[in-house]
Amino acid sequence: MGKGDQGRLIAVNIVHEIRPGAGRHTAIDKRPAAGRIEVGTLGLSGDTQCDRRYHAGPDKALYAYATEDAAWWAKRLDRDISPGLFGENLTTEGIDCTHAFLGERWRLGADVVVEVRMPRSPCDNLSLRMGVPAFHKEFSRSRRVGAYLAVLVTGAVAAGDPVTIEHRPIHGVTVANWVGRRNPEHARRLLDSGDDLAPDVRRTALRLVRQRS
């Protein structure tokens with residue numbers, strides 16, 4: 001996909017119920033919300049994160065997952081994958097979250113602008129949510145993990161809003177490239193791009209480049 005390509009939001013999901021998790025409570029139970037939902041720099045109005053060490057902050061304000069990847073899982077698991085089941089805030093259609101470039105920018109509806117910052121790193125709360133032991137490890141191995149987004153321009157969004165790609169960095173490093181065992185060449189391309197990188201991404205990229213030298 002390239003600049004100007006467009007998809008849409010299938011659902012905007014916020015927390016339905018705080019549940020016991022793996023050693024702590026979790027807000028992974030996200031379900032579609034009706035109407036327009038305000039989007040701030042730390043996420044959706046009415047949503048929350050229980051483990052703010054790993055699942056919060058400006059670089060993880062929103063979590064997007066594509067229906068195309070959900071359909072792949074539905075076939076693999078032989079079960080329905082409803083919007084929000086993986087804990088995503090935004091369920092998209094026609095936008096490739098897996099192969100989005102780190103630093104790619106999307107416009108949601110008329111006003112909201114977001115930037116792809118990093119892939120999701122699933123934990124065992126996802127396995128509990130799915131009722132499948134060690135599912136979070138399989139999820140990560142698939143590289144179909146979805147994308148964490150920073151909010152650059154706030155506003156409001158609703159299901160049905162268009163999602164338009166407004167910018168794609170030239171480094172070509174995708175969400176899928178940055179899952180699991182990462183390539184030092186990808187790290188070098190990220191660092192050489194001069195683009196603003198999420199601190200976690202920059203630290204990992206620097207470590208990989210140093211190890212290679």
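Strands here are DSSP runs of E with at least two residues, numbered from the N terminus, as helices are from runs of H or I with at least four. With that settled, L9 sits in strand β1, residues 6–15.

Before I go on, the model is predicted: local features need pLDDT of at least 70, side-chain atom pairs count only at pLDDT 80 or more, and totals for chains, interfaces and linings use all residues. Residues are numbered from 1 along each chain as its sequence is written, and side-chain values use heavy atoms, leaving out hydrogens and water.

Back to L9. Its relative accessible area is 0%, so L9 is buried; buried means under 20%, exposed over 50%, and partly exposed in between, with a 1.4 Å probe and protein chains only. Leaving aside residues up to four places away in sequence, L9 touches L90, T91, T92, V157, A158, A159, G160, D161 and V163, where contact means heavy atoms within 4.5 Å. From L9 to G94 the C-alpha distance is 9.0 Å, across 85 residues of sequence.

Next, K30, in strand β4, residues 30–32. K30 has 6% relative accessibility and therefore counts as buried. What does the side chain of K30 make a polar contact with? The side chain of D47, at 2.8 Å. A polar contact is a pair of N or O atoms within 3.5 Å; within protein, one must be able to donate a hydrogen and the other to accept it, and residues adjacent in sequence count only if both atoms are side-chain atoms.

Last, cysteines. There are 0 disulfides, a disulfide being a pair of cysteine sulfur atoms within 2.5 Å. For C97, the nearest cysteine sulfur belongs to C123, 19 Å away. C97 is buried at 0% relative accessibility, while C123 is partly exposed at 26%.
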